[in-house]
Amino acid sequence: MLRVLLFWSGGKDAAWTLYRLEQDDTVEVVALVTTFDAKTDRSAMHSVRRSLLKLQAFAAGLPLIEIGLPWPCSNTIYERVINSVIMKSRDDLDIHALAFGDIFLEDIRYYREQKFAELGLDLLFPIWGMPTKDLALKMIGSNLRARVACVDSNALPAEFAGREFDLEFLEALPKGVDPCGENGEFHSFVWSGPMLKKPIPIKNGATEKRDSFIYTDFLPDD
C-alpha cells in the first residue's frame, strides 16, 4: 500500500484528487498538507481562513499538516520550510509518495519533480491531462460543491468572486477562461462533496480587492 501525503489547497482540484485517490485500492492518503500565511492565518493564494481548512480536513477524516509561511516569503525560504516538513512527515508517518492536483501546467509539474525528487518519494498527479471542461462537469455531476474564493481581475469580473462553482458559473465564463481555472483565473473552496463525510456550511463575508485579485471571505454558517 502506497502511503500518500496530499498537497491540499481546499479547492476543487485538490478535493477531486483526494476522491480519485480514495478509489484506488493501491494507495492510502495518510494526511493533507496546507501552507498558510502566518501573518493573516489564511491559506496561501486562496486566502481561506485556517479554521475552515481544519473543518474541511476533519470532514475528510484526515489530519491536516499546517505549514506557516512568513510574509514576505522568498522562494528559498518556501522550499526550505516545505522540504523540512515533508521530510519529517516522511519519517514520522512513513510517507511513500506526494500527490498534487495539477492538471496541465507543465512548468509547475516540472518544478515539483525537480524539487521533490531528492526526497526519495514518488510523485502522483491523479488528474493530470484530463480535459478541464469534462473534469469540471464531472465534479459538478458528482455533487462536488464549491464556492469561488478568489478571482484574477485580469481574467474575470469581480462579481465572479463568491459564486457557486456550478453549471451556471461555467456557462458564464468568458471565452478563454479555463473551466477549472488552471491558469489561475479563479480559486475555490469545497464545502461539500463525495470526498467529505459531511458538508461545511459557509456564507459569504466581505469581498475586497488586493492587487489584481478579488477575494471573498467565507465564514462558517452556524
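**Pocket**

I looked up the largest pocket first: 47 residues line it, and Thr 35, Ala 44, Met 45, His 46 and His 187 lie nearest its centre. A pocket here is an open set of points on a 1 Å grid over the protein atoms alone, where a 1.4 Å probe fits, with protein on both sides within 12 Å along at least five of seven lines; lining residues have an atom within 4 Å of a point. Elements giving two or more residues to this lining are α1, β2 (27–37), β3 (42–43), α3 (75–93), α4, β8 (186–192) and β10 (213–220). Helices (H or I, at least four residues) and strands (E, at least two) are DSSP runs, numbered from the N terminus. Strand β2 provides the largest share of the lining, 5 residues. I noted a volume of about 1600 Å³ for the largest pocket, a volume being the space filled by probe spheres set on the points, which are joined across faces, edges and corners.

**Basis**

This is a predicted model, in which local features need pLDDT of at least 70 and side-chain atom pairs count only at pLDDT 80 or more, while totals for chains, interfaces and linings use all residues. Residues are numbered from 1 along each chain as its sequence is written, and side-chain values use heavy atoms, with hydrogens and water left out.

**Helix α1**

I checked burial in α1 (residues 12–22): 8 of its 11 residues are buried, so the helix is largely enclosed by the rest of the structure. Buried means under 20% relative accessible area (1.4 Å probe, protein chains only). The buried set is Lys 12, Asp 13, Ala 14, Ala 15, Trp 16, Thr 17, Leu 18 and Leu 21.

**Asp 102**

I found Asp 102 in the loop between β5 (97–99) and α4 (106–116). Its relative accessibility is 9%, so Asp 102 counts as buried. Which side chain does Asp 102 join by a polar contact? It is that of Arg 112, at 2.6 Å; a polar contact is a pair of N or O atoms within 3.5 Å, one able to donate a hydrogen and the other to accept it, and residues adjacent in sequence count only if both atoms are side-chain atoms. Beyond four places in sequence, Asp 102 touches residues including Phe 125, Trp 128 and Glu 182, contact meaning heavy atoms within 4.5 Å.

**Phe 218**

I placed Phe 218 in strand β10. Phe 218 is buried, at 3% relative accessible area. Its C-alpha atom is separated by 7.0 Å from that of Val 48, 170 residues apart along the chain.

Definitions and conventions: Buried means under 20% relative accessible area, exposed over 50%, partly exposed in between (1.4 Å probe, protein chains only).
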